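User: Please walk me through this one in plain terms. I'll ask as we go.

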Amino acid sequence: MNGFLSEVVTQGRLLRSSFSIHERNLQFREIVAFFKSSKMNSVIFAGMGSSLYAIDSVISFLNLRGIRAYYFNSYDLARFNYGMINHKTLVVVISQSGNSWEAAELVSVAKRKTRVVGVYNVEGSNLSKICDYYLPINCGEETSLSNKSHVLTILTLSILAQALTGDFPEEFRKDLEKTFLWIDEWIENFENRIQRITDFVKGFEAIEFIANDSSLSVAKQMALIYREGLHAFTAAWELADYAHGQYLAVKPGYVAVILAPTLVGDRAAKRMINVIIERGGKIVLLTNDEIDENEQMKVIQTPQVKRPILAMAEAIPTQLLLGSLLGPDWVKGQ
């Protein structure tokens with residue numbers, strides 16, 4: 001097992017442990033109390049790379065519940081869009097290492113106008129010292145391509161979003177436990193589960209990740225780490241944008257990983273599946289719906305849970321596939 005897979009397979013245990021720690025973290029209550037007492041009406045999230053992509057998991061969740069939510073990369077927000085920040089805005093800055101200079105620069109700018117929440121992994125890091133509130137993701141050391149830090153950031157942001165809109169209802173807890181169990185089952189028997197997908201996609205010339213809404217948090221992250229690990233051509237697309245012409249690159253040797261939780265009734269997703277197959281490409285489909293496979297499409301059935309929690313589940317098989325494609329002797333940076 002390579003170093004990447006050895007970290008991926010720890011995620012079921014880490015998710016449970018992190019959630020238990022978060023339940024005891026009074027910072028969530030303090031953040032919500034200040035948000036309400038100050039009559040704040042919006043949240044701006046910021047990060048770089050994997051930390052930025054995790055934010056997609058909660059944006060629509062908050063907007064649909066009346067809290068305006070936006071996101072920028074940290075550099076962009078500090079340098080070009082700082083006018084978005086005011087005393088009615090809570091700023092959430094995310095950095096896995098906690099030491100990115102872009103995050104530090106943004107905190108210094110944002111604290112002139114409002115309060116800042118720091119989301120990070122490394123205690124003692126810069127971000128763990130300079131913010132008004134602190135939400136460590138509790139993933140431990142990560143030495144390979146970003147994997148567990150990304151999933152645990154999604155968990156942390158999901159809890160924060162849930163707290164801002166109404167604490168932790170029982171339905172939220174049930175969906176989390178259902179997701180944790182599903183992840184445990186996938187990890188326990190991952191070699192058998194993922195081998196058929198590995199064999200299916202081997203020899204690809206390009207691999208693209210296509211999604212909507214919270215699933216974009218996974219699509220963007222996968223495009224980054226597949227490119228970093230395999231040195232391959234990868235990209236991530238929002239489904240509706242992809243349907244406006246990006247599919248024209250499809251030909252034999254092309255693989256699309258499509259994250260479509262509710263494929264039934266999604267005209268754009270079904271149309272793109274048909275187009276990719278007609279043009280000779282292959283598809284790995286992650287969906288909640290029961291969909292038949294064929295020679296050009298393999299299906300991974302995801303658990304029936306609400307977004308943004310679903311994104312945590314979607315990340316696991318896509319990470320395991322990358323780990324399998326890397327091979328047993330893969331070493332980061334070589």
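This is a predicted model: local features need pLDDT of at least 70, side-chain atom pairs count only at pLDDT 80 or more; totals for chains, interfaces and linings use all residues.

User: How does the lining of the largest cavity divide by class?

Analyst: Seven of its residues are nonpolar, one is polar and none is charged. A cavity is a set of points on a 1 Å grid over the protein atoms alone where a 1.4 Å probe fits but cannot get out; a pocket is an open set with protein on both sides within 12 Å along at least five of seven lines, and lining residues have an atom within 4 Å of a point.

User: How many cavities of 30 Å³ or more are there?

Analyst: One. The space in the largest cavity is about 30 Å³, a volume being what is filled by probe spheres set on grid points joined across faces, edges and corners.

User: Which residues line the largest cavity?

Analyst: The lining is made of I194, I197, V257, V284, I300, P317, T318 and L321. Helices α11 and α15 (309-326) are the elements that give two or more residues to the lining of this cavity, and α15 gives the most, with three. Helices (H or I, at least four residues) and strands (E, at least two) are DSSP runs, numbered from the N terminus.

User: α11 came up there. Which of its residues are buried?

Analyst: F190, I194, I197, T198, F200 and V201 are buried in α11. Buried means under 20% relative accessible area, exposed over 50%, partly exposed in between (1.4 Å probe, protein chains only). Seen down the axis of α11, the buried residues fall within an arc of 160 degrees, so they line one face of the helix. The arc is that of the directions from the helix axis to the C-beta atoms.

User: And how far apart are the end C-alpha atoms of α11?

Analyst: They are 16 Å apart, which agrees with the 16 Å that the 12 residues of α11 (190-201) should span at 1.5 Å a residue. The expected span is 1.5 Å times one less than the number of residues.

User: What about α14, which residues are buried there?

Analyst: A269, M272, I273, V275 and I276 are. Down the axis of α14 they fall within an arc of 170 degrees, so they line one face. Turned away from that buried side are the exposed residues R267 and E278.

User: Now the pockets. How much space lies in the largest pocket?

Analyst: About 300 Å³. The largest pocket has 18 lining residues, with S50, Q96, E142, S146 and S149 nearest its centre. Elements giving two or more residues to that lining are α4 (50-53), β3 (89-95) and α12 (216-230); α12 gives the most, with three residues. By class, the lining has five nonpolar, 10 polar and three charged residues.

User: S50 again: how far is H150 from S50?

Analyst: H150 and S50 are 6.2 Å apart in space, C-alpha to C-alpha, and 100 residues apart in sequence. H150 sits in helix α9 (residues 148-166) and is buried, at 1% relative accessible area.

User: What is the volume of the second largest pocket?

Analyst: About 220 Å³. Its lining includes H22, R24, F28, V32, D167 and R173, and α2 (11-24) and α3 (27-37) each supply at least two residues. That lining has five nonpolar, two polar and five charged residues.

User: In α3, what is buried and what is exposed?

Analyst: Q27, F28, I31, V32, F34 and F35 are buried in α3. Those buried residues fall within an arc of 165 degrees down the axis, so they line one face. R29, K36 and S37 are exposed on the other side of α3.

Key: Residues are numbered from 1 along each chain as its sequence is written. Side-chain values use heavy atoms; hydrogens and water are left out. Ala, Val, Leu, Ile, Met, Phe, Trp, Tyr, Cys and Pro count as nonpolar, Asp, Glu, Lys and Arg as charged, and the others, Gly among them, as polar.
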